[in-house]
Amino acid sequence: MTIEDLYQIGALYREQLASFRAEIQICGSGTCRSAGAAEIQRAFESVCEEEGIRPEIRIVTTGCMGLCGQGPLLRVLPGDVTYTRITAGDAERIIREHVINGKPLKERMLPEDYPFFTRQTPVVLEHMGRIDPESIEDYIAHGGYEALAKAVTYQSPEHIILEIRNAGLRGRGGGGYPTGLKWDIVRRGTSQQKYVVCNADEGDPGAFMDRAMLEGNPHAILEGMAVAGYAVGATQGFVYVRGEYPLAVDRMKRAITEAERKQLLGNRIFDSGFSFRVDLRMGAGAFVSGEETALLHSIEGKRGQPNPRPPYPSQVGLWGKPTVVNNVETFANVAPIIHRGARWFQGIGTKRSTGTKVFALAGRVRDTGLIEVPMGTTLREVIFDIGGGITDGGSFKAVQTGGPSGGCIPEKHLDIPVDYESLAQAGSIMGSGGMIVMDDSSCMVDVAAYFMEFCQSESCGKCIPCRVGTVQLSRLLDRIRRGVASEQDIETLEELCVMVKDTSLCGLGQAAPNPVISALHFFRPEFERHYRDHVCEAGVCPVHSTEAAGDAAGIESGGAHV
Ligand SMILES: Cc1cc2nc3c(=O)[nH]c(=O)nc-3n(C[C@H](O)[C@H](O)[C@H](O)COP(=O)(O)O)c2cc1C
Ligand code: SF4
Ligand code: FES
């Protein structure tokens, strides 16, 4: 494969696409898939056949189109008309009136200027929901693998690292560590063998950004990994994905095979001296396995438990060798940066947080789904302009970012920009992109208790502060929920939060108290209402439970294995 071959594949495929009279794209991801996307596709195919136009119409299953809350989604081209809440029964009208007679169904289509889409800036999601994720040719026809070609043919590894550094790309897995700096450390490692690992473990409850990208545009991730491999001098990559994502696993396996067939992975890529292979490893779905040292242990076939850092994987990683570990979204940003340049990327976002961020917007907003916004967009813009505000005329109470390691942000901070530093200042974190909007029907004690229970059950048990501390914190929160806590319990809760944060071995334990700390900081009166007045205003907590009255034991050691 040469660059000319690549351009030719792209041109041929574009010609083929242009020869169709119309194209029907059906979202086959997540909620749309479970709401019957396959049946809808069959219905459209059979109506086209009945009408005798089947060969003229391209019908394709795509990845997530973003507006999951209004799924199943379908788009008709030319014209880029999006229909929401599609059923198999809509096939006849859409084919006859729109595709054949050229009259889109006005009452069913999404307005062209629907803010959910117009207020976004798609970079990593640019082709998602538009291309066929099972066709490498479709990816190539949209400029795919050109960045890799450019990199290995014309650019030195040092130049690429400089470009990623100048772009200001920071890790999208949560920590925000500068990607170029990480790559540079691995590049400088003296070992002959180095590795590139894509962290697709995605354990945050409710988060589905990485799954959607793996399902919707797997080649973008492979291309980013291959560029990383070239930049750091690695010949082997691994995608570590949770086994609960079967479609993502299938799509990634298929993408690897197709890329190997086209010699875009394997030996002497683009006739250069660079060789790079990618293998897939499946995790069993433990949250802690997303922590980079635990993840590397898991790839090595060991128990997925973290190690203290330093040394970092960039110095001592997989089988002791320097290893790049980056998140799915981080890799998906690489090809656009190489393609369009660091200056272009710097122009998006803020000075310290460049580029965009993908979020899984969920909870009590009108429009839920997958969104991508420039860093620096305010939370208010995300929730009210893009998400359409609170559902059922409710009023905003808080937004949770960062999942079990993050926190709840109240109304008074809605105008803070979404970037790493501002979210941390507001007592939360950027995290990997989970964003849950809450109204008055959510109780902040209950939310804090939910995340603590999650951390407790996901704790690997290697270190005592996390193994025992999360159990005790859960118990204290449960006492507050049930209205039987005392002032002393609250003091103990706060002290324990600090202790668990300061002494746990890995990020899971270190960040587990964050949802509690932020809830106590911003919503303390709500905690007080529970333990002083025995009232849960949201009506969520069992504050009047009779069994509660019998439990006045406070902190206990039972159940936690010291
Ligand atoms: C408990 C825990 C779970 C994590 N889960 C993930 C995950 O699912 N995906 C991810 O990319 N990073 C996860 N991380 C962060 C990784 O350790 C690591 O920082 C990240 O993969 C680096 O990639 P980035 O620099 O591109 O963000 C987790 C960290 C902790 C402490
Ligand atoms: S902090 Fe928790 S998850 Fe991390 S090593 Fe300790 S016990 Fe395991
Ligand atoms: S899953 Fe269909 S729009 Fe997201």
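**Note on salt bridges in this model**

1. E97 has a relative accessibility of 30%, so E97 counts as partly exposed. The model is predicted. E97 pairs with R93 in a salt bridge, with 3.0 Å between the closest N and O atoms. R93 is also partly exposed, at 39% relative accessible area. Both residues sit in helix α4 (residues 91-100). They are 4 residues apart, which means a separation of about one helical turn.

2. Is D184 buried or exposed? D184 is buried, because its relative accessible area is 13% and the cut-off for buried is under 20%. R188 is exposed, at 63%.

3. R352 and E421 also form a salt bridge, at 3.4 Å from N to O. This pair joins distant parts of the chain, 69 residues apart. R352 lies in the loop between α15 (342-346) and β9 (356-363). E421 belongs to helix α17 (residues 420-425). R352 is exposed, with 57% relative accessible area. E421 is partly exposed, at 23%.

4. Which residues are linked in a network of salt bridges? E50, E51, E92 and R96 are.

5. Searching the whole structure gives 45 salt bridges. As background, side chains of opposite charge can pair when their charged atoms come close.

How values were computed. Residues numbered from 1 in each chain as written. Chains lettered and ligands numbered in written order. Predicted model: local features only at pLDDT ≥ 70, side-chain atom pairs only at ≥ 80, totals over all residues. Heavy atoms only, no water. Salt bridge = Lys/Arg side-chain N within 4 Å of Asp/Glu carboxyl O. Helix = DSSP H or I, 4+ residues; strand = E, 2+ residues; numbered from the N terminus. Buried < 20%, exposed > 50% of the residue type's maximum accessible area, 1.4 Å probe, protein only.
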